[in-house]
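Here are some notes to read alongside the model. Keep the structure open and follow the points in order.

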Amino acid sequence: MRLPTSIQKTIVKQLIHLNPFFVKLYGVKAIRHCEDGRTIRLYTKNKGIVINIDITYNEASDLYDIKAVKLKQDDFTWEQTIFNQEGFTWEELDETIHQILHKHANIPLNYL
């Protein structure tokens, strides 16, 4: 098992700061610390819909990139990129994830 870097720990801390209930609210089943040391992956599952959300810190711009991939329900191997954008501030992370899951996994827009 790979230990998280300080960047990866910071991303998780920022998500908790923005929304202490994000794990339950967004159906996060696991958080993976990717090999590059600056990306975390949120494995979400809601109403049978599995979406993996990668959040990558870009040191040059001091911003975050977000990529979301929807997995095929019957074998979880087929991927379809449903969101891929760069240049988010840390304050925008929670709302952006919320919007992705609302649109693609039928998560209600419940702002806490």
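1. Start with K72, which sits in the loop between strand 4 and strand 5 (strands are DSSP runs of E, at least two residues, and helices runs of H or I, at least four, all numbered from the N terminus). K72 is partly exposed, at 35% relative accessible area. On the cut-offs used here, buried is under 20% relative accessible area, exposed is over 50%, and partly exposed is in between, with a 1.4 Å probe and protein chains only. Its C-alpha atom is 7.6 Å from that of V50, although K72 and V50 are 22 residues apart along the chain.

2. A word on what you're looking at: this is a predicted model, in which local features need pLDDT of at least 70 and side-chain atom pairs count only at pLDDT 80 or more, while totals for chains, interfaces and linings use all residues. Residues are numbered from 1 along each chain as its sequence is written, and side-chain values use heavy atoms, with hydrogens and water left out.

3. Now the overall layout. The protein chain has 3 helices and 5 strands, and reading along the sequence gives α-α-β-β-β-β-β-α. The radius of gyration is 13 Å, close to the 13 Å that the globule rule gives for 112 residues, so the chain is as compact as a globular protein of that length. (That radius is taken over C-alpha atoms, and the rule is 2.2 Å times the number of residues to the power 0.38.) Along its principal axes, the C-alpha trace spans about 35 × 30 × 25 Å.

4. What about inside versus outside? Buried residues make up 40% of the 112 residues. The chain exposes about 6700 Å², and carbon and sulfur atoms supply 51% of that (areas come from the Shrake-Rupley method with a 1.4 Å probe; for residues, only the protein chains shown count as cover). Take contacts between residues at least 6 apart in sequence: 39% of them join residues at least 24 apart. Contact here means heavy atoms within 4.5 Å.

5. On charges, there are 14 positive and 14 negative ones, and their mean positions are 9 Å apart. Lys and Arg count as positive and Asp and Glu as negative, leaving out His and the chain ends; each charge is placed at NZ of Lys, CZ of Arg, CG of Asp or CD of Glu.

6. Which residues touch the most other members of the largest nonpolar core? They are L15, L42, I51, I53, I55, I97 and L101, out of 25 residues in that core. The elements giving two or more residues to this core are helix 1 (6–18), strand 2 (39–46), strand 3 (49–58), strand 4 (63–71), strand 5 (79–88) and helix 3 (93–105). A nonpolar core, by the way, is a set of buried Ala, Val, Leu, Ile, Met, Phe, Trp, Tyr and Cys residues joined through side-chain atoms within 4.5 Å.

7. L42 is worth a click. It is in strand 2 and counts as buried at 1% relative accessibility. Leaving aside neighbours within four places in sequence, L42 is in contact with L15, F22, V28, A30, I31, I51, N52, I53, I55 and I97. L42 and K29 are 13 residues apart in sequence, with their C-alpha atoms 7.6 Å apart in space.

8. Two helix residues come next. Q14 lies in helix 1 and counts as buried at 16% relative accessibility; beyond four places in sequence, Q14 is in contact with Y64 and W90. T96 lies in helix 3 and is also buried, at 11%.

9. K47 is not a glycine, yet has a positive phi of about 50 degrees; it is in the loop between strand 2 and strand 3 and counts as exposed at 64% relative accessibility. N106, in the segment after helix 3, has a positive phi of about 60 degrees without being a glycine. N106 is partly exposed, at 48%. Setting aside residues up to four places away in sequence, N106 touches K47, I49 and L101.
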